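Hello,

Here is the structure we discussed, with my notes below it. Please read them alongside the coordinates.

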Amino acid sequence: MHAMMSLAWVELKLSLRNVIGTFFTCVSPVLMILLFGAMYGNAPNDSAGGLGAMDEALPGYVVALVIGSAAFMGLPIELVSRRQSGVLRRFRLTPLPAWAALLSLVAVNLVVCICATAVLIGTGAAAWRTRLPSSLLLLVPSFLLCAGSQFSIGLLISSALRSTKAALAVGMALFYPMMFLSGGTIPIEYLPASLRVITPFLPMSWAVRLLGGVWQGSGWDALSTGILALVLAVCGAGAALLARRE
Amino acid sequence: MSGAEIISVRGLRKRYGTVMALDGVSFSVDSGEAFGIVGPNGAGKTTIMECLVGLRKADGGEIRVLGLDPVHQGRRLHERIGVQLQESALPEAIKVEEALCLFASLYPHAVDTRALLSCWGLEQKRKVRFAALSGGQRQRLFIALALVNDPTVVFLDELTAGLDPKARRASWNLIDDLRVRGVTVVLVTHAIEEAEALCDRVAIMDHGRLLALDTPGRLIRDMVRDSAVGSRGRRRAATLEDAYLAMTSGAAAERKASRCMQ
């Protein structure tokens, strides 16, 4: 336990020293929502039950910009570069189990995502008086499922790829379409019908739906829960299987 | 300094595609011994090392280190051994002292990290990130990390590669110091003179096979006796390197001949 704690502490410091990663997960989402907020404003909309545009969009930004950048860019690039350079090899020669090293990296990424989410909530409230999430009790588990399912995709990428360049390419190839087509940044209604067809096939879109429902107080969506749990199970098992073969 | 058998390797085989990296290697190392493995590139030295420390699973044969199976009892083994490898790294942003303290925390028993830092001349670099260290500084940090758990057996792969003369001397002193304390040392190296000076016994490998295994003195004596040139016509005393070259080039010639005959 002592080992896990000191490892997690070092991982946290390393992640804060990683300027580019911190920028993508913590700073760029803030800049993006400032931009979107300036475009959409947050005037109450009767057809949306009195919610403003930013009220409606905030949970999507959390999923797409915060969780997405950590899951598809930060985590895979860090893991693949550690494997490529021999960091994982060095840690395998200690009594630390491989899953513990992985778990502490995932946990630290999760902590960074939680902090970045708090910053987004604070920014929204300060700039446009966006509403706070309706139930913290439901928000926490739904956030964990959203983050866990997207992270498991990132882990699967990491265990399948051998070079940092490949991880960057695949991460971007997944991240950008998901960010724009999952309903996380651009409302699905704005997309042309030809693109809207793709949306349900993007795992991120179900995370946007689950977190949005809990956030706005319209309840816990069973379908998206099932799909995200399936993604988590399949990708998690796939990543574990590939890691074992090494 | 020798005692009970601490490493035993029997009939070890490992194949990469069509290449036999290890072709039936057997040897044993006694407690407190300094054991050298030398051989040209591709001889299988690193593969043996990786099998011994549990990073690689052999295709056949048996390995016991401290009575443990390195692959299936890796955790228990890793608590008691120290390893310095060629292809390894640390996260770029980790600082020297941080790395040493982190590794110390991963073991049930660890030595004083401050003493290790000063012993390996890293005190000035305590707060420096891994990415900013020179090759020699990284190497010294890896040696320090290999010693942080006060290991019973230490595996060193190309210990002095990239070190300046002062650090190299310090490494040599390290091995003497480890032997005095009864620690078993397995040293893989290209530097034959290093193996000759430091090791009780040396294994000469080529193409996945053990060509010879003996004390440096006896390896040299046998070579002088067997070689056509002999000691006559030789301007200087024979070294282990002469024995090594005679053996490995001879082996190459033999293989070439057998290929031509097919």
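**Chain B: overall make-up**

Nine helices and nine strands form the secondary structure of chain B. Please keep in mind that this is a predicted model. Chain B has 262 residues, of which 44% are buried. If one takes the contacts in chain B between residues at least 6 apart in sequence, 67% of them join residues at least 24 apart.

**The two sheets of chain B**

One open sheet in chain B has six strands in the order 5-6-7-3-8-9, and its pairing is mixed. Its edges are strand 5 (81-84) and strand 9 (209-214) of chain B, each of which pairs on one side only. From one strand to the next, the twist averages 15 degrees. Within strand 6 of chain B, the residue opposite B:Gln84 is B:Leu156.

Another open sheet in chain B has three strands, ordered 2-1-4, with antiparallel pairing. Here strand 2 (19-30) and strand 4 (60-65) of chain B are the edge strands, pairing on one side only. Neighbouring strands of this sheet are turned against each other by 15 degrees on average, direction ignored. Strand 1 (residues 5-16) of chain B is joined to strand 2 of chain B by nine bridges in the antiparallel sense. B:Ser8 has B:Ser28 of strand 2 of chain B opposite.

As background, the strands of a sheet pair through backbone hydrogen bonds, in either a parallel or an antiparallel way.

**Where chain B meets chain A**

The contact between the chains involves 20 residues of chain B and 20 residues of chain A. On the side of chain B that touches chain A, helix 2 (74-80) and helix 3 (96-105) of chain B each supply at least two residues. Helix 3 of chain B gives the most to that side, with four residues. By type, the residues on this side of chain B are 13 nonpolar, three polar and four charged.

How enclosed is helix 3 of chain B by the rest of the structure? Seven of its ten residues are buried, so helix 3 of chain B is largely enclosed. The buried residues are B:Val96, B:Glu98, B:Ala99, B:Leu100, B:Leu102, B:Phe103 and B:Ser105. Their cover includes helix 1 (2-17) of chain A, along with helix 4 (113-119) and helix 5 (135-147) of chain B.

**A helix pair in chain A**

The crossing of helix 6 of chain A with helix 10 of chain A is left-handed.

Residues of helix 6 of chain A in this contact include A:Leu145, A:Gly148, A:Ser152 and A:Leu156. On helix 10 of chain A, the residues they meet include A:Leu228, A:Leu232, A:Cys235 and A:Ala239. The residues of this contact between helix 6 and helix 10 of chain A divide into 13 nonpolar, seven polar and no charged.

Regards

How values were computed
Residues are numbered from 1 along each chain as its sequence is written. Chains are lettered from A and ligands numbered from 1 in the order in which they are written. This is a predicted model: local features need pLDDT of at least 70, side-chain atom pairs count only at pLDDT 80 or more; totals for chains, interfaces and linings use all residues. Two residues are in contact if their C-beta atoms, placed from the backbone, lie within 7 Å. Ala, Val, Leu, Ile, Met, Phe, Trp, Tyr, Cys and Pro count as nonpolar, Asp, Glu, Lys and Arg as charged, and the others, Gly among them, as polar. A crossing is left-handed if the near helix is turned anticlockwise from the far one by less than a right angle, and right-handed if clockwise. Two strands pair if DSSP finds at least two bridges between them. Axes are lines fitted to C-alpha atoms, for helices over the stretch in contact, and angles run from 0 to 180 degrees between N-to-C directions. A residue is buried if 20 or more other C-beta atoms lie within 10 Å of its own, exposed if 12 or fewer, and partly exposed in between; C-beta atoms are placed from the backbone.
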